[in-house]
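Hello,

Below is the structure I said I would pass on. My notes on it follow.

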Amino acid sequence: MRARRCASTRPGAWACASVALLLTVLAPGPTTAAGAPETSSGSAGAVQVIGRNWPVGTRPTVLRGWEPPATPYGPGHRGVDLAAAGGVPVRAVAAGRVSFAGRVAGRGVVSVELTGTGEPPLRTTYEPVRASVRKGDLVGAGQVLGAVEPAGSHCAACLHWGLLRGDTYLDPLSLLPPWLLNTGPSRLLPVLGVPLPEDSRRLEGREAEARRNGRSPESGR
């Protein structure tokens, strides 16, 4: 109806076109806010990649990964096990509020609701931990929550790290950005004028052989 009126009113056609263009620009549509956190998909929806550090160490060994159960009460592994000796500090992977700090079935457990992660918020759990925080405490990323207890978990010398939204378990590794998840071997880049260790050892061997044969190492004769 609006289009027909615009077509029949030729002198005002340019005004109708301007209004239509304005409505198109202002119409709501899918947008992505600049600087919005990166997300990774999970069975309960997207998980914001807001982790700033591992709970223990810098790049701990993952002894056992996340194995989601087929049913709520089925077998599986509702978190990841990270290698950690007793007494190692346990740190919050992201900012939030401590929602629990106490003992469950004889094990020390700390749970942190992560700030700005929706409703219900994402919740990280850590066990076995001798807590140094209390329920209601605000914590920042990297802040110490306590220390790994030497015994009491389902694996020896490890920290069990979990992630939930409501009652749904998610993969806690989905909180970490790729640069933290990269566990490949470190490689030394060559520096101009400085030989690599293998080249140095090879050069030293040639020089030693040259000296034994009475030749000059520099000339090779």
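Three strands form an open sheet with antiparallel pairing, in the order S5-S11-S9. S5 and S9 are at the edges with a single partner strand each, so one side of each has no neighbour in the sheet. From one strand to the next, the twist averages 40° (axes are lines fitted to C-alpha atoms, and angles run from 0 to 180 degrees between N-to-C directions). Strands are DSSP runs of E with at least two residues, helices are runs of H or I with at least four, and both are numbered from the N terminus. Two strands count as paired if DSSP finds at least two bridges between them.

This is a predicted model, in which local features need pLDDT of at least 70 and side-chain atom pairs count only at pLDDT 80 or more, while totals for chains, interfaces and linings use all residues. Residues are numbered from 1 along each chain as its sequence is written, and side-chain values use heavy atoms, with hydrogens and water left out.

S5 (residues 89–91) pairs with S11 over three bridges, and Val-90 has Gly-146 as its bridge partner in S11. S9 (residues 129–131) also pairs with S11 over three bridges; there, Val-129 is the bridge partner of Val-148. Of the five residues of S11 (residues 144–148), four are buried (under 20% relative accessible area; exposed is over 50%, partly exposed in between; 1.4 Å probe, protein chains only).

Separately, Ser-174 lies in the loop between strand S13 (168–170) and helix H3 (178–181). Ser-174 is buried, at 15% relative accessible area, and its side chain reaches the backbone oxygen of Asp-171 at 2.5 Å.

Regards

Note on methods:
Polar contact = N/O pair within 3.5 Å; in protein donor to acceptor, adjacent residues only side chain to side chain.
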